[in-house]
Amino acid sequence: MKLFVPSDSAALALGANELTAAIAAEADRRHIDITLVRNGSRGMLWLEPMLEVSTPEGRIAYGPVETTDVVSLFDADFLHGGAHHLRLGFTEELDFLKKQERLTFARVGITDPLSLEDYLAHEGFVGLQQALSMPAAAIVQQVTDSGLRGRGGAAFPTGIKWQTVLKTQADQKYIVCNADEGDSGTFADRMLMEGDPFVLIEGMTIAALAVGATMGYLYVRSEYPHAIHILNKAIEIAREAGYLGRDIAGSGKTFELEVRKGAGAYVCGEETALLESLEGRRGIVRSKPPLPAITGLFGKPTVINNVISLASVPIIMARGAAFYKDYGMGRSRGTLPFQLAGNIKQGGLIEKAFGITLRELMFDFGGGSMTGRAIKAVQVGGPLGAYLPESQWDTPMDYEAYTALWAVLGHGGIVVHDDTANLSHLARYAMKFCAIESCGKCTPCRIGSTRGVEVLDKIINDQDKTAQLELLTDLCDTMLHGSMCAMGGMTPYPVLSALKHFPQDFGLTDTGAQHA
Amino acid sequence: MNLPCHNDPIAAIIASHQLIPGALLPILHAIQDELRFIPPEAIGPIASALNLSRAEVHGVISFYHYFLTSPPPAHQIHICCAEACQSMGSERLMQHAKSTGDFSVHPVYCLGLCANSPAMMIDDQLHARVTLDKFDRLTEMLGDQS
């Protein structure tokens, strides 16, 4: 009898460990022999903890399961897929999963994250084997041809970045994985690290072969202790099996990997601040140029990529650039793991090709708001992304289409707000968050964010509104064009989009918002 | 080079970490893991081992929200106050937490549980879909343990 209970943080936060213990105890009491596998999450997060039982016809899901349901599940013979009010049906047939295109997340929720055997049985290390048979420049070419762009938000072509590192001569090069996933509404990095750590290790190893690096660091935020724990274990297992270390898969090539823990600074998600932090300093943004690809970690050429970018490389190497490029639209190729969050009935992870719309994600997948009220505004791309009103929900989700809306697709995080949300408060929060998290190096961000909170307070309290609106617009212009990085440079996105699309929340008529 | 000294955990941690590249954050983490905070007397030895000024070490400790410079209370509650949790009432949860009982409550900006908002952390334990009732239930258990 094989049972699956996720050990993803979201499942743990909803009692998955207590559930596992209760199932084990009840099985013991009934003298039933069971094997409990702790898998990653399938990403249907409103159903967590979601347990699955293995049957000859396929895995059957039950959820959300509380410890108090365990006895009745055994009574219903759930171990053979018996009927129960929590029975959801065959997992693979569930609408939310069936409609997805899972490439990067192909294994997440299916395998035991720390079973190398599972990983190998599900196409694991096929991409690495391919890469080992190719010259470095050919690996870079394949990644370039796939059209993969940085999934951390900036959408810079991954292959071009690698090419720069490859052609820069140095005695030492580094691969750095940016796993400082601090944006509200994003959890794809966390789910991947907890649910399929080997794919990230494989992706980083391929990157190392492509550019000639021998050392890699995974910089993971301190808020993700479970992911850190899983990654450390996975690295140990991969090293023992010869997939990391001095002789990768018998090739004679070396690659070492180490996890480094962040310390609660949002700005360290900015790549140069992250490098400063890795070097043991405050996370202060560096001026560019020089690019990290030329002068990066410890002054050496460095590939710094987001978790999802690196984890998408193995399938590109295994199935070919054309296979990956076949998904998507325009210049946005492949898939994006969208994260549906906030006030939503069915929140979770949806990996789909670029081109799907916000409306499809929120209603076809998400089932509307959690509260049952009308959805008012949607923030896409994290705290530095714009708020989108209903008139923009039918735009295909593609980097360029979003840029044309003066919005940001970013990391694919989607935070839904119902009609009780007040956008002037959310705009004020965006400025306040920037003031809390600014690294302090450049004035527009450090001072501008604090002034922004003050100006918004005056607008909210109806003090000298016309002049304050002009000041806010002016201030946002300075932050947009004068900040050193996206922290100050993009805080105006949520602020100005809120003002433009929801002027009534600022006590303005539609015409009053034209300042924005 | 300092020799490992088992009587002094700070010296032992410095000695075992000081040669790794970018050693400062790993040292600070190891000290906080061991002592639950970073005592002021750690700054001098760290600075001299890493050839930094005391100001540089202090600057790093004070920059990062995670590092504590005084012992934390027995239990710490972190409530996520980022956008996704705001959309599900984290502000109300925060007010409720501050008004009921004398817990040490701090905001945190994203625990990565955004589809199961609002989220919070009691010590190292994550909790999602936290209603006011659930908060009371969880913190009541906390009182029993301490």
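**Exercise 1.** Which residue's side chain meets that of A:Asp75 in a salt bridge?

*Solution.* The structure is a predicted model, in which local features need pLDDT of at least 70 and side-chain atom pairs count only at pLDDT 80 or more, while totals for chains, interfaces and linings use all residues. Residues are numbered from 1 along each chain as its sequence is written, chains are lettered from A and ligands numbered from 1 in the order in which they are written, and side-chain values use heavy atoms, leaving out hydrogens and water.

Step 1. A salt bridge requires a side-chain nitrogen of Lys or Arg within 4 Å of a carboxyl oxygen of Asp or Glu. The partner of A:Asp75 is A:Arg30, at 2.8 Å from N to O.

Step 2. A:Asp75 belongs to helix 3 (residues 70-75) of chain A, whereas A:Arg30 lies in the loop between helix 2 (16-29) and strand 2 (35-37), 45 residues apart. Helices (H or I, at least four residues) and strands (E, at least two) are DSSP runs, numbered from the N terminus.

Step 3. Buried means under 20% relative accessible area, exposed over 50%, and partly exposed in between (1.4 Å probe, protein chains only). A:Asp75 is exposed because its relative accessible area is 54%; A:Arg30, at 27%, counts as partly exposed.

Step 4. A:Glu26, A:Arg29, A:Arg30 and A:Asp75 are linked in a network of salt bridges.

**Exercise 2.** Determine whether A:Arg190 and A:Glu194 are buried or exposed.

*Solution.* Step 1. The side chains of these two residues, A:Arg190 and A:Glu194, form a salt bridge of 2.9 Å, N to O.

Step 2. Both lie in helix 9 (residues 188-195) of chain A, four residues apart, about one turn of the helix. An α-helix has 3.6 residues a turn, so residues three or four places apart point the same way.

Step 3. A:Arg190 and A:Glu194 are both buried.

**Exercise 3.** Describe the interface of chain B and chain A.

*Solution.* Step 1. Contact means heavy atoms within 4.5 Å. Chain B contributes 36 residues and chain A contributes 59 residues.

Step 2. Buried area is the accessible area (1.4 Å probe) that two parts lose on being put together, summed over both. Here the value is about 3600 Å², with 59% given by carbon and sulfur atoms. In chain B, the most area is lost by B:Phe63, B:Glu83 and B:Tyr109, together 20% of what that side buries.

Step 3. The count of salt bridges between chain B and chain A is zero.
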